[in-house]
Amino acid sequence: MYPSPPPFQPAPAPLPARRWWQHPALIICLLVFLPPAGIALTWTSRWSQNKKVVATVLGALWLLLLIFSDPPEEEKEGDAKGAAQPTVTATATATPSPAPSETEEVPAMPSLVGGTYADSEQLLTDNLGRAYAAYKDVELPADYAAWTVCFQRPDAGAPVSSAVPVVYLTAPGVPCPASPNTVLHKPTPKPTPKPTTPKPTTPKPAHTQAPVPTQEPTPTPTEDAGDDSSSGGSSVYYRNCTAVRAAGAAPIHEGEPGYGSHLDRDGDGVGCES
């Protein structure tokens, strides 16, 4: 047997044409930027019932978030400025501009060279000036009012406010140097030592022992026989004091053996005293 055919079912009716306000892209854009309009168009679309409910809930939550959220900071500042600054209509009055004032003259630096520090002290004090000695090896004393100004800075005629005034001084009677910071007392150069030539050393003579005096025979009577009384009539004879010292008889006295007038030069009776 053949199966029975299914019952006849009529074909579904065709859906009406979709309108432009039912387009899904338009509805989504309105849900984001204009939620009330988007929710209204959602229920006219061809979406299913579940999609319409979800779209309606999301659009409502998004609308509540926009309503209760804080406005941006820029809008707050703009509102505050608008509230604090009320619109005031005032007639603008022309304010006369002040007349240009004449240019103030800057005092010029006077010529201080040749004068004393006392003449320029007031100017230096008013402009925080300084004073130095013209010679760098000379120090300023406690009172240098009478010292002479040799150099100045800035030069004469320059504006006083262009630089701190500085003067260089010398003591009364001391001439000014050619330029500041010159040495007044030049150190004397030390003499160069001359090379010394070693002196030739002479060899010391060898020590020679003095000859032992020898007894000479009694001289025969001569013209000098008159000296026998001074020699004590002894046979001992010393030719000089060297012989006396060599014999260990110095000093020799009158009457001792070997004494003679030629050994006693001062005639005091004692020979070869020294």
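Here is a walk through this predicted model, from its confidence to its strands and cores. Local features need pLDDT of at least 70 and side-chain atom pairs count only at pLDDT 80 or more, while totals for chains, interfaces and linings use all residues. Residues are numbered from 1 along each chain as its sequence is written, and side-chain values use heavy atoms, with hydrogens and water left out.

Let's start with pLDDT, the predictor's confidence in each residue, from 0 to 100. The chain averages 74, with 66% of its residues at 70 or more.

Now the strands, which are DSSP E runs of at least two residues, numbered from the N terminus, as are helices (H or I, at least four). β1 (residues 130-133) has A131 and A133 on its covered face, with R130 and Y132 on the uncovered one. It pairs with β3 (residues 166-170) in the parallel sense over 4 bridges; DSSP has to find at least two for a pair. Across that pairing, Y132 stands opposite Y168.

A131 also belongs to the largest nonpolar core, which has 11 residues, including M109, L112, W147 and V160. Such a core is a set of buried Ala, Val, Leu, Ile, Met, Phe, Trp, Tyr and Cys residues joined through side-chain atoms within 4.5 Å, buried being under 20% relative accessible area with a 1.4 Å probe, protein chains only. Helix α5 (117-126) gives the most, 3 residues. Beyond four places in sequence, L112 touches S120, L123, V149, Q152 and V167. Apart from this core lies another, of 8 residues, among them A243, V244, Y259 and L263.

Methods
Buried means under 20% relative accessible area, exposed over 50%, partly exposed in between (1.4 Å probe, protein chains only). Contact means heavy atoms within 4.5 Å.
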